[in-house]
Amino acid sequence: MSNPLTDRRIVLGVSGSIAAYKAAEITSRLVQAGAEVDVALTRAATEFITPLTFRSLTAREPYVDMFRPHGEYGEAHVELARQADLMVIAPATASTMARLVNGLADDFVSLTALATQAPILIAPAMDSQMWEHEATRANRYTLEGRGVTLVGPVPGRLASGRIGSGRMAEPATIVDAIKVRLGQARGDLAARRIVVTAGGTREAIDPVRYVGNHSSGKMGYAIAEAARDRGAEVILITTAALPDPHGVRVVRVESALELQRAVEAECPQAKALVMAAAVADYRPSEAAEQKMKRADASELAVDLVENPDVIALVSGDFVKIAFAAETENLIENAIGKLERKGAQLIVANDVTATDAGFGTDTNRVTILDRDGGAEILPLMSKYEVAVRVLDRVAALLADQES
Ligand code: PMT
């Protein structure tokens with residue numbers, strides 16, 4: 001499945017905070033990603049945002065009044081709770097957290113939370129003094145101890161005008177956290193460590209110049225996010241300056257030697273290594289300590305020495321997936337690398353196309369395996385390419401484990 005939210009049933013509980021307006025964006029993002037979303041609001045939430053907003057976004061009747069029968073359902077909260085794949089409460093106020101801790105069921109949100117067996121994720125939103133109060137702190141620990149996932153709050157400007165911790169996490173982060181939680185609950189890579197590399201290495205010539213390449217990191221980040229969405233514990237070793245994906249441990253490196261050290265350190269417990277990074281095969285033999293000055297000479301030569309072949313050298317009991325960035329003889333060159341790199345699969349990538357390869361949001365690849373198989377994929381988003389590569393990783397791991 002290319003989108004982890006497709007056909008998933010999510011109950012979104014909204015409680016009474018100024019951050020309630022952001023629940024509309026969460027709803028919209030979930031619906032656009034193919035989830036079936038039912039919204040439950042506390043009475044206090046309806047002071048900040050109307051049920052009509054959610055009815056318009058979901059084409060479903062939101063739940064507010066516990067005593068009003070809801071269409072087809074007899075006991076609406078029981079049906080909602082039973083059918084949910086996940087319940088998210090965003091924003092979750094201090095009182096909603098306290099209600100959950102004490103098992104109260106005096107509004108639609110707390111009632112559904114008490115009745116569901118599905119994982120619960122909450123996005124707290126309140127003033128920093130309320131967030132730091134020992135009652136809220138204790139409630140937070142109790143909820144975490146019961147397996148409730150908290151996302152945020154984050155530091156920033158609060159409704160009171162003060163700056164502090166208590167601001168609800170951004171809708172995009174909350175949606176990512178939902179994907180992570182769903183992946184952990186039922187993803188086919190759940191609890192498996194996957195190491196992913198991304199971006200182009202930078203090999204220093206002096207403190208301000210380097211030998212590099214055009215890799216943006218987008219392909220590697222897409223693999224990291226797609227693996228995370230299937231429940232994997234993901235370590236992303238990257239040279240790219242892209243924002244850290246939620247729920248992924250990020251290790252920043254610059255050169256091929258730094259990348260090699262990080263790969264060697266992170267791989268021992270891994271089930272798979274996916275090398276999407278464009279690693280320089282050569283580096284300047286020496287990096288000047290100071291910025292090199294323009295000389296009188298009209299020519300300047302930089303001596304290069306060979307870098308280690310990171311994927312070929314790292315050893316261990318994990319699946320290795322290489323990428324091959326080619327400008328000619330795509331399949332032939334990639335097959336040669338599959339052998340030399342000791343990989344189980346290689347993703348052949350023609351980097352001369354304008355809509356594929358470096359820097360684009362789309363890619364067109366062929367996945368080659370050791371049995372001579374070639375899976376030719378059409379142009380698709382890098383996330384979709386990642387899903388297809390990970391389908392193969394999941395199958396290899398399943399074979400290994402059977
Ligand atoms: O980052 P983007 O802008 O999204 O672009 C994506 C991409 C084009 C960089 C990506 O899809 C890709 O093709 N990555 C591999 C780039 C590359 O270095 O290819 P290569 O054919 O030179 O290397 C083959 C394999 O060996 C790669 O898995 C590489 O990570 C690995 N390698 C290479 C050299 C080296 N010294 N050590 C290595 O481990």
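# Questions on a predicted model

User: Which residues make the nonpolar surface patch of about 410 Å²?

Analyst: This is a predicted model. The patch covers about 410 Å² of surface and is nonpolar. Its members are Tyr282, Leu300, Val302 and Leu304.

User: Is leucine 300 buried or exposed, and what is its relative accessible area?

Analyst: Leucine 300 belongs to that nonpolar patch. It sits in the loop between strand E14 (282-284) and strand E15 (304-306). Exposed means over 50%. Leucine 300 is therefore exposed, with a relative accessible area of 66%.

User: How far is glutamate 286 from asparagine 349 in space?

Analyst: Glutamate 286 is in the loop between E14 and E15. It counts as exposed, at 68% relative accessibility. In sequence, glutamate 286 and asparagine 349 are 63 residues apart. In space, C-alpha to C-alpha, their separation is 32 Å.

User: What distance separates a polar side-chain atom of asparagine 349 from an oxygen atom of the ligand?

Analyst: There are 29 residues around the ligand, and asparagine 349 is listed among the closest. Ser215, Ser216, Lys337 and Gly359 are the others in that list. For asparagine 349, the distance from a polar side-chain atom to a ligand oxygen is 2.6 Å.

User: How much of the ligand's accessible area does the protein cover?

Analyst: Alanine 277 has a backbone N or O atom 2.7 Å from a ligand oxygen. Lysine 341 places a polar side-chain atom 3.0 Å from an oxygen atom of the ligand. On its own, the ligand has 770 Å² of accessible area, and the protein covers 96%.

User: Where is aspartate 38, and which side chain does its own side chain meet in a polar contact?

Analyst: Aspartate 38 lies in strand E2 (residues 36-41). It counts as buried because its relative accessibility is 5%, and the limit for buried is under 20%. It touches several residues beyond four places in sequence, including Val11, Tyr63 and Leu80. Its side chain makes a polar contact, at 3.2 Å, with the side chain of arginine 60.

User: Which helix residues are buried in H6?

Analyst: Helix H6 spans residues 108-115 and is mostly covered. Six of its eight residues are buried. They are Phe108, Val109, Ser110, Leu111, Thr112 and Ala113.

User: At the start of H6, which backbone nitrogen does a side-chain oxygen of aspartate 107 reach?

Analyst: The reach is to within 3.0 Å.

User: How far apart are the closest N and O atoms of aspartate 106 and arginine 99?

Analyst: Side chains of opposite charge can pair when their charged atoms come close. Aspartate 106 is partly exposed at 44% relative accessibility, and arginine 99 is partly exposed at 22%. The two form a salt bridge, with closest N and O atoms at a distance of 2.8 Å.

User: How many residues apart in sequence are the parts tied together by arginine 192 and glutamate 401?

Analyst: The side chains of arginine 192 and glutamate 401 meet in a salt bridge of 2.5 Å, N to O. Arginine 192 lies in the loop between helix H9 (171-186) and strand E8 (193-198), while glutamate 401 is in helix H14 (residues 382-401), so the pair ties together parts with a sequence separation of 209 residues.

User: Is arginine 192 buried or exposed?

Analyst: The limit for buried is under 20%. Arginine 192 has a relative accessible area of 18%, so it is buried.

User: Which residues form one network of salt bridges that share partners?

Analyst: The whole structure holds 32 salt bridges. One of them joins arginine 364 and aspartate 355 at 3.0 Å, N to O. Elsewhere, shared partners join salt bridges into one network. Its members are Arg9, Glu36, Asp38 and Arg60.

User: What share of the chain's residues count as buried?

Analyst: The chain has 14 helices and 21 strands. Its C-alpha trace spans about 80 × 50 × 35 Å along the principal axes. Of its 402 residues, the share that count as buried is 50%.

Technical notes. Residues are numbered from 1 along each chain as its sequence is written. This is a predicted model: local features need pLDDT of at least 70, side-chain atom pairs count only at pLDDT 80 or more; totals for chains, interfaces and linings use all residues. Side-chain values use heavy atoms; hydrogens and water are left out. Helices (H or I, at least four residues) and strands (E, at least two) are DSSP runs, numbered from the N terminus. Buried means under 20% relative accessible area, exposed over 50%, partly exposed in between (1.4 Å probe, protein chains only). A polar contact is a pair of N or O atoms within 3.5 Å; within protein, one must be able to donate a hydrogen and the other to accept it, and residues adjacent in sequence count only if both atoms are side-chain atoms. Contact means heavy atoms within 4.5 Å. Patches are made of residues with over 30% relative accessible area and no salt bridge: like charges are joined within 9 Å, nonpolar side chains (Val, Leu, Ile, Met, Phe, Trp, Tyr) within 5 Å. Accessible areas come from the Shrake-Rupley method with a 1.4 Å probe; for residues, only the protein chains shown count as cover. A salt bridge is a side-chain nitrogen of Lys or Arg within 4 Å of a carboxyl oxygen of Asp or Glu. A residue is near a molecule or strand if one of its heavy atoms lies within 4 Å of it.
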